[in-house]
Every structure is written in C-alpha cells, then in structure tokens.
Amino acid sequence: METRSLQAEFTNDGNTLSGIIPYDSPTTIHENGRTFTEVIRPGAFRSSMTSDVIATFNHNPGRLLGRTSSGTLSLVDGPSYLRFSVQLPESAADVRELVQRGDLKGASFTFSVRSGGEHWQNGTRELRDVNLFEIGPVVQPAYTASSLKLRSAGLSLMAMRLRLEENEHPGTT
C-alpha cells in the first residue's frame, strides 16, 4: 500500500467535510530514496467506487470519520477530480473546528496499484487504475513546500472549476 498527501481545499457545510483529489496534476514524489513525478489520471479510482473505503483523521483508524458502506462517506469520480464528502460524527468536533479555523489544510489517501494500473515513462509514473482504501484530512501533508504550493494552485483551480460546474448545472455534481 502507498500513501499520498496533498494540499487540500476543504469545505465544511455543517457536519459535512468535502475535499478533492485533482487529476492530471503532476506532483513530485520522494519515496524510498528516489524522486519521480506522479500523475493521477482521470478514472484511476473507478475500480474503487463500489469498494468499502474509509475516511479517517491522520490515517488513524481509531479516528474513523465515515465509510462508503454506511453512506457516511461519498466519492464522486468527476472528469477532473475525485471528490470526497464525509458526514462528520459528533466525536470529530475537533476536526470540524480545525477546518473552520483554517488550521487543517491537508488531505491524504492510501491506495495500491492494480495490475497494469500504472505506466512509467521518462521518470513519470501515471496512475491509471488504483484500489483506494482510505482518504481523509491530515495535519501535516507529506509533500515539500514547493510541491504543496504547486498542488495548492491546482486545487484552487479545480475548486473554481467545480464551483463553475455546480453553478452551470445545479444538482448534478
């Protein structure tokens, strides 16, 4: 299993926390003594849409926030992002407060690559088909500041696109 962290833009609508994982957004990965670029391609999470995925705080199963099988976590595989929304339990009041204060800005996910689900070319790894196991907010994203800045810009653009899509097609996202 592999874990990826990214700068995230959360929305907190009462008890629902939402975030996105953008597609086609190259990110520099430092892992096991090597550095490479990784890009998640549209549809990479398609195989996981019917799996039981959990949402946790800081990858801690003791801080379970929701799961798809209970309906408290929803995943939407859009054309340019994977959007997750989790209905926060009362026990996650601290997570809700950290988001509202702007202290919590990172998201992370745990996955494995399915057979044939990656393509390597010139130091770039394309993720095309992965098993998503876990997703959720984290305090300290693992990417470096420069990657975070680049990733953050991509997330802001994705959030603007999402808002535009929602305004153009209310109720379809």
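In this predicted model, the largest nonpolar core comprises 27 residues, and those that make the most contacts inside it are Ile 40, Phe 45, Leu 73, Leu 82, Phe 109 and Ile 135. At least two residues of this core come from each of strand E3 (16–22), strand E6 (54–57), strand E8 (73–77), strand E9 (81–87), helix H1 (93–101), strand E10 (106–113) and strand E13 (130–138).

The structure holds four aromatic pairs, and one of them is formed by Phe 109 and Phe 111, whose rings are tilted, with 5.6 Å from centre to centre and 35° between the planes. Phe 109 has a relative accessible area of 1% and is therefore buried, while Phe 111, at 0% relative accessibility, counts as buried too.

Helix H1, which also contributes to the core, has Val 95, Arg 96 and Val 99 among its buried residues. These residues lie on the same side of H1, because they cover an arc of only 100° around the axis. In general, an α-helix has 3.6 residues a turn, so residues three or four places apart point the same way. Just after H1, Gly 102 takes a positive phi of about 85°.

Another local feature is the hairpin of E11 and E12. Strand E11 (residues 118–121) and strand E12 (residues 124–127) run antiparallel and are joined by four bridges, with His 119 standing opposite Glu 126 in E12. Two residues lie between the strands of this hairpin, in which Asn 122 takes a positive phi near 50°.

Seen as a whole, the protein has two helices and 13 strands, and 44% of its 173 residues count as buried. Among contacts with a separation of 6 or more, 65% are between residues 24 or more positions apart. The accessible surface comes to about 8,800 Å², and 48% of that surface belongs to carbon and sulfur atoms.

Note on methods:
Residues are numbered from 1 along each chain as its sequence is written. This is a predicted model: local features need pLDDT of at least 70, side-chain atom pairs count only at pLDDT 80 or more; totals for chains, interfaces and linings use all residues. Side-chain values use heavy atoms; hydrogens and water are left out. A nonpolar core is a set of buried Ala, Val, Leu, Ile, Met, Phe, Trp, Tyr and Cys residues joined through side-chain atoms within 4.5 Å. Buried means under 20% relative accessible area, exposed over 50%, partly exposed in between (1.4 Å probe, protein chains only). Contact means heavy atoms within 4.5 Å. Accessible areas come from the Shrake-Rupley method with a 1.4 Å probe; for residues, only the protein chains shown count as cover. Two strands pair if DSSP finds at least two bridges between them. The arc is that of the directions from the helix axis to the C-beta atoms. Rings of Phe, Tyr and Trp (its six-membered ring) pair if their centres lie within 6.5 Å; planes under 30 degrees apart count as stacked, over 60 as edge-to-face and the rest as tilted.
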